[in-house]
Structures are given as structure tokens and as C-alpha cells.
Amino acid sequence: MESATEGISKLGINGDFASSVPNLHKNLSLLSPDQIELAKMLVAMEQSHLFTNWPEPGVDDGEKKAFFDQVTRLNSSYPGGLASYIKTARGLLSDSKTGKNPFDGFTPSVPTGENLSYGDETFMKFEEAGVKEAQNAAFVLVAGGLGERLGYNGIKVALPRETTTGACFLQHYIENVLALQEASNAGQSERDIPFAIMTSDDTHARTMQLLESNKYFGMKPAQIKLLKQEKVACLEDNDARLALDPQNKFRIQTKPHGHGDVHALLYSSGVLEEWQRGGVRWVLFFQDTNGLLFKAIPASLGVSATKGYHVNSLAVPRKAKEAIGGITKLTHTDGRSMVINVEYNQLDPLLRATGNPDGDVNCETGYSPFPGNINQLIMELGPYFEELKKTGGAIKEFVNPKYKDASKTAFKSSTRLECMMQDYPKTLPPSARVGFTVMDAWVAYAPVKNNPEDAAKVPKGNPYHSATSGEMAVYRANSLILRRAGVQVEDPVQQEFNGQEVEVWPRVVWKPKWGLTFADVKKKVAGSSSISQKSTLALKGRNIFIENLSLDGALVVESGDGAEVKVGGSVKNKGWAIEKVDYKDTSVPEEIRIRGFRFQKTEQLEKQYTEPGKFELKA
């Protein structure tokens, strides 16, 4: 029998690098030249422990090859490869162990931005500018998450945004993009707005299935691109030794890297280059379950275009010390400066340490001067693409190990590097124009991210961010918008669902093509109309005009694009009552019980106008 060394040398392989790793050395003949290069890198990066339990050649050879297939994927999906990942991890783990403050040398100040008030003249001008600019935009939905944290087993974008119509988040987003596309291209040949969705192993197939089974919700399939993010290797100790999967000695344990991956994916997939060639000027990033976001998008895009912002962060007023990151300008003693999100638990101590003894406090407006980051970003594509050419899309990462004890020498469980898409500006030069647009939370921010039990524990007065509050926020926003357009909308009542006390407004919903902007809504409301608190109003068509309507009950109007419908008179019926549901009641579908209520559809006036023409609905 020839030795492993002789066998390897006959194959022309120089196995010297593995001489100190006998179990790898004797298996080198199984590997391709590319895999041998990866093995060299792992040994050089002090990852020899990965091969400790490898058996003789001939045993589990398929698993050994599968290990290197996984290493190949981990290496190619990370900017700079696995060696760069391990090197970065060592630096961040060392900083974490020594307790290094990432903000050392930085002084915080309030950055420049635009504060908008929904419906006033300035707001409407920005909205108009944003709609014009939308034909030069592309949208990116970050949708790598499941709804488990919500008490829902599906993908989050499949959850109904509201249960009056049952339209899910993804349908709502696509219909808004299509409405923007049509409004922006008015009178011209229509230019399709590209729409990319970042998925994960958990959500990719189900997102595709949701799109296909619903005919892409009216969008052309070619407009939509799905980009799947890979996970990253876990780290078992402060030396950044890669962790093996506890279930399989031939696999590295992996966990999600965070939504910051979206930048590298857009760059490495060639999507950004394709968009730039196609004339795209703006890229809008948003997350998966904010049902109000598109009410804020046209005006925010108008701000970006008018002010020439390279990066525009959408924000809401935040109370001092509220559990939401604050958009902050940081200036270093060496002259560097950046405008970034600083987490709320870091902002207060940072202010105290830099000459603000009171820390994060409300100013004369009743809010903190540092607006609340809602993770919706607008980038100007030219400067964004140039920056990614330098970085490959790599975002400044962080590590958050859970240590066994105060010595910080061992972890309770493996950790990994993470990154967030809103940290993109950390690498930008001071010349970059980074700003923000603030809008009231009632019109811009109602994320659905907490399950009923967690939401019920939220201190009174703080936002619940649950399926219950998210749906009620849609009705509140639409009711308030109609009020500003001149409709008398009755005040809400307070009710409790799933342990959360919320305002229950009339259940008013409309398709994006009915009321994309405040100007659209104002054009479609005339005379003196009123809506009672118990009412439901669903408008599903473009040209539906409300004039002198008195609604006390449920009214659903649907119209085709060629139909023009004037709705007025007195509509009074028993309507749709709200019935409480216990979130523990498994006889009720998950997407309903996490809200704590459902509609008892007792009586409604429902009209459909599918033919072109002018119609009048006068009850």
C-alpha cells in the first residue's frame, strides 16, 4: 500500500500545507484543484479543527465533497471571501471582548433633513415631484423573514395588510408600484418600474409561489427579480474558529447575516448595472410589513430629487429614549463625519459622554431632535453604484456574542457577523449628501413585528407593532386623510384586542390607484360627506367619486378602469361588526387570531361596475 503522501504526489498535488492536519492530508486526493485552494485557505486561517473527525478515504466521501460545496458557497457569497470574513470576525470579537466603544472619538449632532406635514402645500409639492420622478425609480423589498415571531407560520409578505379586503402586504406593495408607474408615465409610453425582492432559504420558494399563484398581482413577471441571500458561517470562540453543525460534522453551522446583504446582492447579481443602463436614477429600499409606507414614498422621493440627496432615510418623530434608532450626524476628532442610525440604547450614553449631561431628551416640539429611523432608504443610483464598485457591497458589520460569564472567554452558543442595510452610509465620504425626511408615524410607520403576547407587555402609550395595531393604523390613516380632504369622519372608539388597547376608526380602505397621493384623494371627494365610526368603506377602482355621501354601515364599490362612478346619498345598513377572537383559539386561522378580531359581515351595499361608462350610485 502506498502512503497517502505518495498517492497525492502522483496526482501532482503538493500536500505540504496539510501535513499538520493528517485527516485532511489523507483525503486531498478526493478534492478538485479549486477545493484544494479552499482547503489551503482554511488551514492558513487556522481552521484545521474542521477536519478533526474526518475518516479515512472511502468513508463518507460524498459528505466530504458536500462540505467543500458548502465552503465554496460561503466563500463566493461573501465580499472578499471566507478569509476576509474570518479576519473581520477576529477584529470585531477582540473589540467586543475588550469592550471597545465603536463611537470613541465621535460627537453626535442633529443632521439636516426635511420635516413634512401631511397634506400641506409643501407636502403636496414634494408628492407631485416624487410621482414625476417615480418612472426613474426601482424598488427593493427586503423579505427574508418568516412570520414566526408574529405567531404566523407563513412568509410575512403573505399576511393580510388588513382584513376588510384581505389584500396581503406583497399585493399592496405591487399595486402601489403599478399605480406610481401609471401616474408617473401619464401621457407617455409606459416605462416599467423594476421591483427586486431579497429572499432567503426560508422564504424564496414561498415568495415565488405567492407571486405565481396570483399572476404576480398584475405586474409583468419580467419586472420582478428575486435575489436570494445566503447565510454566513457561525463562530465558536474569540479566535473566530468556524463552528461545525452540531447535527453534522461535515457541515459548518450557518445563520442569517442580516438585511445589509441586500447591497452586495444587488451589486454581485448585476441588477444595479442593468438598472443603470436602463436609466434608473433612484433605488428605494423597504421592509416587509409596514402597511403605511407607500403613503410616505411619493413625497420622500420628491425630497430626494429636489434636494439632490445621495441617501435619504425615511424617519418619524421619536420620543427621547423610545426604542427606535435615531438618525444622527457623527463627527470624529480626525474630521470624518457620517449620518447614520444610532441605536436608542447607544444614543443616550453617547450624548451624555460628549457634553450633553441630560442625554437624549425631548426638545420644544415634544420629541427628540434625533428622528426615528424606520429602515426605509432612498439612494441615488449613480453615487450608490460607484460606492459599491469600491466595496463590493460590503457593509460595516457587528458581532453580538452571548458570553458564558464576565471573563468573556467562552460563548453560550455560536455567534456570527451581522449587518444592517441602514449602515450603508458608514463607508461614505464626507462629501456624500446624506439627509432624512420626517413624516408623522400615523402616515408612515406601522410595522407588524410582535406577536400578541409580546405586544400586550408593551408599556402603555408605546406602539404595539403587532398585527392588531398594524391593521388599525391603516384605518386611522385613511380616516385622517379623508378628514383632511373635507369628509366628516366620526371619532374612533377605544377597544381592547389580544390585551392591546387600540383606537378603532371607521374601516376605510382603498386601492392605491384610487388615492395614491393626497391630491388624488382631494380630487375624488366633493360636497359634504360623512362616515360613522361603525362604518366600512372599500373603494376598489380608479374613478370612484364621493359626493354628498352619508355612510352608516358597509359600502363596497368596485369599478373597472373605464368606469366612472359617482357615489352619494344616504347608505345605512347593519354593516360589519367587529367580533373579538382569542389568539389562543386554534379553530381560527393564524392570520386572523393574531389580530384578536374578525368581521361579522351582517349587511352591506356592494356594487360592481365592470363596463366602461358613467354611473351614479345614489342610495
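This report walks through the overall build, the helix packing and the inner spaces of a predicted model.

## What you're looking at

Residues are numbered from 1 along each chain as its sequence is written, and side-chain values use heavy atoms, with hydrogens and water left out. In this predicted model, local features need pLDDT of at least 70 and side-chain atom pairs count only at pLDDT 80 or more, while totals for chains, interfaces and linings use all residues.

The protein has 18 helices and 31 strands (DSSP runs numbered from the N terminus: H or I of at least four residues for helices, E of at least two for strands). Its C-alpha atoms fill a box of roughly 95 × 55 × 50 Å along the principal axes.

## Helix α6 and its two partners

Two packed helices are described by the angle between their axes and the distance between the axes. Helix α6 (residues 121–133) and α11 have axes that come within 6 Å and cross at roughly 85° (axes are lines fitted to C-alpha atoms over the stretch in contact, with angles from 0 to 180 degrees between N-to-C directions). That makes α6 and α11 roughly perpendicular, a label for angles of 65 to 115 degrees. On the α6 side the contact (heavy atoms within 4.5 Å) includes Phe123, Phe126 and Val131, and on the α11 side Lys295, Pro298 and Leu301 are among the residues. By class, the α6–α11 contact has 9 nonpolar, 3 polar and 4 charged residues (Ala, Val, Leu, Ile, Met, Phe, Trp, Tyr, Cys and Pro are nonpolar; Asp, Glu, Lys and Arg are charged; the others, Gly among them, are polar).

Helix α6 also packs on α7, at about 90° with the axes 7 Å apart, so α6 and α7 are roughly perpendicular too. Here Val131, Lys132 and Glu133 of α6 meet Leu180, Ala183 and Ser184 of α7. This contact divides into 3 nonpolar, 1 polar and 2 charged residues.

The whole structure holds 6 cavities of 30 Å³ or more. On a 1 Å grid over the protein atoms alone, a cavity is a set of points where a 1.4 Å probe fits but cannot get out, and lining residues have an atom within 4 Å of a point. Grid points are joined across faces, edges and corners, and a volume is the space filled by probe spheres set on the points.

The largest cavity has about 180 Å³ of space. Its lining has 19 residues, and the closest to the centre are Asn176, Lys295, Trp510, Gly515 and Leu516. Elements giving two or more residues include α7 (169–184) and α11 (293–307). By class, this lining has 10 nonpolar, 6 polar and 3 charged residues.

The second largest cavity has a volume of about 60 Å³. Its lining includes Ser313, Val339 and Gln422. Strand β13 gives the most, with 3 residues. The lining has 6 nonpolar, 5 polar and no charged residues.

## An open pocket

A pocket is an open set of points with protein on both sides within 12 Å along at least five of seven lines. The second largest pocket has about 930 Å³ of space. Of its 30 lining residues, Ala441, Gly461, Asn462, Pro463 and Arg476 are the closest to its centre.

Helix α16 gives the most to this pocket's lining, with 5 residues, while α14 (441–444) and β20 (500–504) each supply at least two. The lining has 16 nonpolar, 6 polar and 8 charged residues.

Definitions and conventions: Angles under 35 degrees count as roughly parallel, over 145 as roughly antiparallel, 65 to 115 as roughly perpendicular and the rest as oblique.
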